[in-house]
Amino acid sequence: MKFSHTKTLVKLSFLPLIITSFLYAKPIIVNKDELGLVRNLKVYKYPQWIAKVTTSKKKDIYFSSPKSLFEFYFLFKKWPEFDVKSVDDMENIYVTDYKTFDAIDARRAYYVYGSNVTSISGDDLVSFKNEYDAKEYMKNHNGKRIFRFSQVKHQLIQLLNGSI
């Protein structure tokens with residue numbers, strides 16, 4: 001009986017953390033004039049796809065989709081005006097959870113590849129906060145695979161762009 005009581009206490013100890021994460025979850029806020037860096041699209045029009053990088057110099061850079069964010073992540077030297085010398089200069093990286101529209105840490109997100117839903121940027125990666133939602137989406141939208149941030153490679157982004 002003691003083991004069951006301990007398991008319950010452990011579960012309850014995580015409750016405040018879980019509740020707090022839901023209370024403070026909010027979308028990535030952009031003004032109506034904000035253009036996504038890679039495709040120069042007004043990102044506010046596509047709230048379920050918005051992504052954002054905050055540099056170590058506190059500069060916010062917005063993207064029209066996770067794919068565009070990854071393009072910047074892999075090719076940041078293409079945009080010297082942001083003074084990003086390495087990926088370590090990308091202090092915070094956020095994507096939008098496709099289900100909830102909440103901003104989530106891109107490095108902890110789950111990305112569905114190969115679904116029948118495209119972003120304004122074309123074939124894309126659909127981001128989710130948790131694996132369960134990613135798997136459900138994958139089943140419902142013919143997704144092919146789920147990737148974690150570290151598994152997304154530049155070649156995948158090239159494939160999504162039709163470059164290879």
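Modeller: Let's start with a definition: two strands count as paired if DSSP finds at least two bridges between them. Keep in mind that this is a predicted model.

Biologist: Happy to! What stands opposite Tyr110 in β7?

Modeller: Tyr110 faces Arg148 there. Strand β5 and strand β7 (residues 145–148) run antiparallel and are joined by four bridges. On β5 (residues 110–113) there are also three bridges to β6 (residues 126–128), again antiparallel, and Val112 has Val126 as its bridge partner in β6.

Biologist: And how do I read the order of strands in the open sheet of four?

Modeller: In general, side chains in a regular strand alternate between the two faces of the sheet. Here the order is β2-β1-β3-β4, with antiparallel pairing. Because β2 (60–63) and β4 (103–105) each have a single partner strand, they stand at the edges, and one side of each lacks a neighbour in the sheet. From one strand to the next, the twist averages 25°. Further in, β1 (residues 51–55) and β3 (residues 90–96) share five bridges, and Lys52 stands opposite Tyr94 in β3.

Biologist: Which strands does helix α2 lie across?

Modeller: Helix α2 (residues 66–74) lies across β1, β2 and β3, at about 160° to β3.

Biologist: Last one: what lines the second largest pocket?

Modeller: The general idea is that rolling a probe the size of a water molecule over the atoms shows where empty space is left. This pocket has a volume of about 200 Å³. Ten residues line it, and the closest to its centre are Lys26, Pro27, Ile28, Tyr94 and Ala103. By class, the lining has eight nonpolar, two charged and no polar residues.

Note on methods
Residues are numbered from 1 along each chain as its sequence is written. This is a predicted model: local features need pLDDT of at least 70, side-chain atom pairs count only at pLDDT 80 or more; totals for chains, interfaces and linings use all residues. Side-chain values use heavy atoms; hydrogens and water are left out. Helices (H or I, at least four residues) and strands (E, at least two) are DSSP runs, numbered from the N terminus. Axes are lines fitted to C-alpha atoms, for helices over the stretch in contact, and angles run from 0 to 180 degrees between N-to-C directions. Contact means heavy atoms within 4.5 Å. On a 1 Å grid over the protein atoms alone, a cavity is a set of points where a 1.4 Å probe fits but cannot get out, and a pocket is an open set with protein on both sides within 12 Å along at least five of seven lines; lining residues have an atom within 4 Å of a point. Grid points are joined across faces, edges and corners, and a volume is the space filled by probe spheres set on the points. Ala, Val, Leu, Ile, Met, Phe, Trp, Tyr, Cys and Pro count as nonpolar, Asp, Glu, Lys and Arg as charged, and the others, Gly among them, as polar.
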